[in-house]
Amino acid sequence: MGRMDYLAMKTDEDTNRLINEDLNELKLAAKKLLDHATKLGGLGFGTSLLKWFASFAAIYLLILDRTNWKTNMLTGLLVPYIFFSFPSVLFHFFRGEVGKWIAFVAVVLRLFFPRHFPDWLEMPGSLILLLVVAPNLFAHTFRDSWVGTVICLLIGCYLLQEHIRASGGFRNSLTQSNGISNTVGIILLLVYPIWALVLRAV
(Lines give C-alpha, C1' and ligand atoms only; values in the text may rest on other atoms or scores of the structure.)
Protein backbone atom coordinates (compact mmCIF):
# COMPACT_ATOMS: atom_id res chain seq x y z
CA MET A 1 0.00 0.00 0.00
CA GLY A 2 2.82 2.41 0.87
CA ARG A 3 4.36 1.96 -2.55
CA MET A 4 1.05 2.75 -4.31
CA ASP A 5 0.63 5.98 -2.29
CA TYR A 6 4.17 7.00 -3.23
CA LEU A 7 3.49 6.38 -6.92
CA ALA A 8 0.23 8.29 -6.81
CA MET A 9 1.86 11.24 -5.07
CA LYS A 10 4.79 11.30 -7.49
CA THR A 11 2.36 11.23 -10.43
CA ASP A 12 0.44 14.17 -8.97
CA GLU A 13 3.67 16.13 -8.53
CA ASP A 14 4.66 15.38 -12.12
CA THR A 15 1.27 16.43 -13.40
CA ASN A 16 1.35 19.68 -11.42
CA ARG A 17 4.89 20.42 -12.60
CA LEU A 18 3.96 19.83 -16.26
CA ILE A 19 0.83 21.99 -15.99
CA ASN A 20 2.82 24.79 -14.33
CA GLU A 21 5.47 24.62 -17.06
CA ASP A 22 2.77 24.77 -19.74
CA LEU A 23 1.10 27.73 -18.05
CA ASN A 24 4.44 29.55 -17.83
CA GLU A 25 5.03 28.93 -21.54
CA LEU A 26 1.54 30.27 -22.33
CA LYS A 27 2.22 33.41 -20.26
CA LEU A 28 5.52 33.92 -22.07
CA ALA A 29 3.81 33.45 -25.47
CA ALA A 30 1.05 35.92 -24.52
CA LYS A 31 3.64 38.50 -23.45
CA LYS A 32 5.53 38.06 -26.72
CA LEU A 33 2.31 38.37 -28.71
CA LEU A 34 1.36 41.58 -26.90
CA ASP A 35 4.87 42.96 -27.33
CA HIS A 36 4.94 42.18 -31.05
CA ALA A 37 1.42 43.54 -31.60
CA THR A 38 2.43 46.76 -29.86
CA LYS A 39 5.57 47.08 -31.99
CA LEU A 40 3.71 46.38 -35.23
CA GLY A 41 0.45 48.20 -34.64
CA GLY A 42 1.28 50.53 -31.82
CA LEU A 43 -1.41 52.95 -30.76
CA GLY A 44 -2.87 52.89 -34.27
CA PHE A 45 -4.36 49.48 -33.54
CA GLY A 46 -6.27 50.95 -30.60
CA THR A 47 -7.46 53.82 -32.77
CA SER A 48 -8.80 51.53 -35.47
CA LEU A 49 -10.49 49.34 -32.85
CA LEU A 50 -12.15 52.38 -31.30
CA LYS A 51 -13.18 53.48 -34.80
CA TRP A 52 -15.01 50.16 -35.26
CA PHE A 53 -16.71 50.52 -31.86
CA ALA A 54 -17.73 54.12 -32.57
CA SER A 55 -19.15 53.27 -35.99
CA PHE A 56 -21.20 50.39 -34.68
CA ALA A 57 -22.36 52.48 -31.71
CA ALA A 58 -23.59 55.12 -34.20
CA ILE A 59 -25.34 52.43 -36.26
CA TYR A 60 -26.88 51.06 -33.04
CA LEU A 61 -28.17 54.52 -32.10
CA LEU A 62 -29.52 55.00 -35.62
CA ILE A 63 -31.43 51.72 -35.32
CA LEU A 64 -32.72 52.69 -31.88
CA ASP A 65 -33.95 56.00 -33.25
CA ARG A 66 -35.88 54.23 -36.00
CA THR A 67 -37.41 51.68 -33.60
CA ASN A 68 -38.13 52.86 -30.06
CA TRP A 69 -35.94 55.86 -29.20
CA LYS A 70 -38.07 58.57 -30.75
CA THR A 71 -36.66 61.90 -29.62
CA ASN A 72 -36.51 65.44 -30.89
CA MET A 73 -32.74 65.21 -31.23
CA LEU A 74 -31.16 65.69 -34.60
CA THR A 75 -30.16 62.03 -34.99
CA GLY A 76 -29.63 62.65 -38.69
CA LEU A 77 -26.18 63.82 -37.55
CA LEU A 78 -25.34 60.16 -37.04
CA VAL A 79 -25.10 59.78 -40.83
CA PRO A 80 -22.14 62.18 -41.23
CA TYR A 81 -20.65 60.72 -38.03
CA ILE A 82 -20.72 57.24 -39.58
CA PHE A 83 -19.32 58.68 -42.80
CA PHE A 84 -16.30 60.18 -41.02
CA SER A 85 -15.71 57.28 -38.61
CA PHE A 86 -16.53 54.29 -40.81
CA PRO A 87 -13.62 51.80 -40.88
CA SER A 88 -11.61 52.06 -44.09
CA VAL A 89 -12.33 48.50 -45.22
CA LEU A 90 -16.09 49.01 -45.08
CA PHE A 91 -15.85 52.55 -46.39
CA HIS A 92 -14.05 51.50 -49.57
CA PHE A 93 -16.32 48.47 -49.97
CA PHE A 94 -19.48 50.60 -49.92
CA ARG A 95 -17.87 53.39 -51.92
CA GLY A 96 -17.20 50.92 -54.75
CA GLU A 97 -19.55 49.01 -57.04
CA VAL A 98 -21.54 47.43 -54.20
CA GLY A 99 -22.47 50.82 -52.79
CA LYS A 100 -23.31 52.16 -56.24
CA TRP A 101 -25.76 49.30 -56.82
CA ILE A 102 -27.34 49.72 -53.39
CA ALA A 103 -27.69 53.47 -53.97
CA PHE A 104 -29.16 52.87 -57.43
CA VAL A 105 -31.79 50.47 -56.07
CA ALA A 106 -32.60 52.85 -53.21
CA VAL A 107 -33.08 55.81 -55.57
CA VAL A 108 -35.23 53.77 -57.98
CA LEU A 109 -37.41 52.51 -55.12
CA ARG A 110 -37.75 55.99 -53.65
CA LEU A 111 -38.62 57.64 -56.99
CA PHE A 112 -40.87 55.09 -58.64
CA PHE A 113 -42.23 53.04 -55.74
CA PRO A 114 -42.44 55.45 -52.79
CA ARG A 115 -45.12 53.37 -51.05
CA HIS A 116 -42.77 50.38 -51.00
CA PHE A 117 -39.89 52.42 -49.58
CA PRO A 118 -40.22 52.25 -45.78
CA ASP A 119 -39.45 55.26 -43.60
CA TRP A 120 -36.81 53.39 -41.64
CA LEU A 121 -34.70 53.09 -44.82
CA GLU A 122 -34.35 56.87 -45.19
CA MET A 123 -31.23 57.20 -43.03
CA PRO A 124 -29.38 54.09 -44.30
CA GLY A 125 -30.22 55.14 -47.86
CA SER A 126 -28.85 58.61 -47.14
CA LEU A 127 -25.68 57.08 -45.71
CA ILE A 128 -25.10 54.92 -48.79
CA LEU A 129 -25.73 57.89 -51.09
CA LEU A 130 -23.31 60.00 -49.07
CA LEU A 131 -20.67 57.27 -49.21
CA VAL A 132 -21.02 56.88 -52.98
CA VAL A 133 -21.31 60.48 -54.16
CA ALA A 134 -19.09 62.34 -51.68
CA PRO A 135 -16.30 64.23 -53.43
CA ASN A 136 -12.72 63.13 -52.76
CA LEU A 137 -12.16 66.25 -50.67
CA PHE A 138 -14.56 64.83 -48.06
CA ALA A 139 -14.04 61.12 -48.71
CA HIS A 140 -10.26 61.13 -48.49
CA THR A 141 -8.84 64.48 -47.40
CA PHE A 142 -11.20 65.53 -44.59
CA ARG A 143 -12.10 62.01 -43.53
CA ASP A 144 -8.50 60.97 -42.99
CA SER A 145 -7.44 64.18 -41.24
CA TRP A 146 -8.13 65.96 -37.99
CA VAL A 147 -11.09 67.75 -39.64
CA GLY A 148 -13.17 64.54 -39.74
CA THR A 149 -12.17 63.73 -36.17
CA VAL A 150 -13.24 67.17 -34.93
CA ILE A 151 -16.57 66.82 -36.77
CA CYS A 152 -17.12 63.45 -35.04
CA LEU A 153 -16.27 65.01 -31.67
CA LEU A 154 -18.70 67.91 -32.20
CA ILE A 155 -21.49 65.55 -33.26
CA GLY A 156 -20.87 63.30 -30.25
CA CYS A 157 -20.84 66.25 -27.82
CA TYR A 158 -24.04 67.67 -29.30
CA LEU A 159 -25.87 64.32 -29.13
CA LEU A 160 -24.74 63.69 -25.54
CA GLN A 161 -25.81 67.16 -24.45
CA GLU A 162 -29.20 66.80 -26.17
CA HIS A 163 -29.72 63.31 -24.72
CA ILE A 164 -28.96 64.55 -21.19
CA ARG A 165 -31.26 67.54 -21.67
CA ALA A 166 -34.09 65.36 -23.04
CA SER A 167 -33.69 62.94 -20.12
CA GLY A 168 -33.85 65.72 -17.53
CA GLY A 169 -30.27 65.47 -16.30
CA PHE A 170 -27.32 63.11 -16.31
CA ARG A 171 -28.68 60.98 -13.49
CA ASN A 172 -31.98 60.49 -15.29
CA SER A 173 -30.18 59.59 -18.50
CA LEU A 174 -28.71 56.61 -16.65
CA THR A 175 -31.85 55.56 -14.77
CA GLN A 176 -34.69 55.86 -17.29
CA SER A 177 -35.70 52.91 -19.43
CA ASN A 178 -33.27 52.56 -22.34
CA GLY A 179 -31.29 55.41 -20.78
CA ILE A 180 -28.18 53.40 -19.95
CA SER A 181 -27.81 51.84 -23.40
CA ASN A 182 -28.39 55.19 -25.12
CA THR A 183 -25.93 57.02 -22.86
CA VAL A 184 -23.27 54.33 -23.25
CA GLY A 185 -23.77 54.38 -27.04
CA ILE A 186 -23.37 58.15 -27.15
CA ILE A 187 -20.31 58.06 -24.88
CA LEU A 188 -18.78 55.49 -27.25
CA LEU A 189 -19.26 58.09 -29.99
CA LEU A 190 -17.01 60.42 -28.00
CA VAL A 191 -14.23 57.96 -27.12
CA TYR A 192 -12.89 57.53 -30.67
CA PRO A 193 -12.50 61.24 -31.60
CA ILE A 194 -11.00 62.13 -28.21
CA TRP A 195 -8.50 59.26 -28.48
CA ALA A 196 -7.61 60.15 -32.07
CA LEU A 197 -7.12 63.85 -31.28
CA VAL A 198 -4.93 63.04 -28.26
CA LEU A 199 -2.78 60.79 -30.43
CA ARG A 200 -2.47 63.51 -33.08
CA ALA A 201 -1.42 66.01 -30.41
CA VAL A 202 1.27 63.69 -29.02
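Ile164 sits in helix 8, residues 146-167. Helices here are DSSP runs (H or I, at least four residues), numbered from the N terminus. The model is predicted: local features need pLDDT of at least 70, side-chain atom pairs count only at pLDDT 80 or more, and totals for chains, interfaces and linings use all residues. Residues are numbered from 1 along each chain as its sequence is written, and side-chain values use heavy atoms, with hydrogens and water left out.

Ile164 is partly exposed, at a relative accessible area of 21%. Buried means under 20%, exposed over 50%, and partly exposed in between (1.4 Å probe, protein chains only). Beyond its neighbours within four places in sequence, Ile164 is in contact (heavy atoms within 4.5 Å) with Gly169, Phe170 and Ser173. Leu174 is 10 residues from Ile164 in sequence and 9.1 Å away in space, C-alpha to C-alpha.

Now turn to helix 6, residues 122-133. Its buried residues include Met123, Leu127 and Leu131. These three also meet helix 3. On the helix 3 side, the partners are Val79, Pro80, Ile82 and Phe83. Ser126 and Leu130 of helix 6 join the contact too. By class, the contact has eight nonpolar, one polar and no charged residues. Ala, Val, Leu, Ile, Met, Phe, Trp, Tyr, Cys and Pro count as nonpolar, Asp, Glu, Lys and Arg as charged, and the others, Gly among them, as polar.

How do the two helices lie? Helix 3 (residues 78-85) and helix 6 pack at about 40 degrees, with their axes 10 Å apart. Axes are lines fitted to C-alpha atoms, for helices over the stretch in contact, and angles run from 0 to 180 degrees between N-to-C directions. The pair is therefore oblique: angles under 35 degrees count as roughly parallel, over 145 as roughly antiparallel, 65 to 115 as roughly perpendicular and the rest as oblique.

Methods. The expected span of a helix is 1.5 Å times one less than its number of residues.
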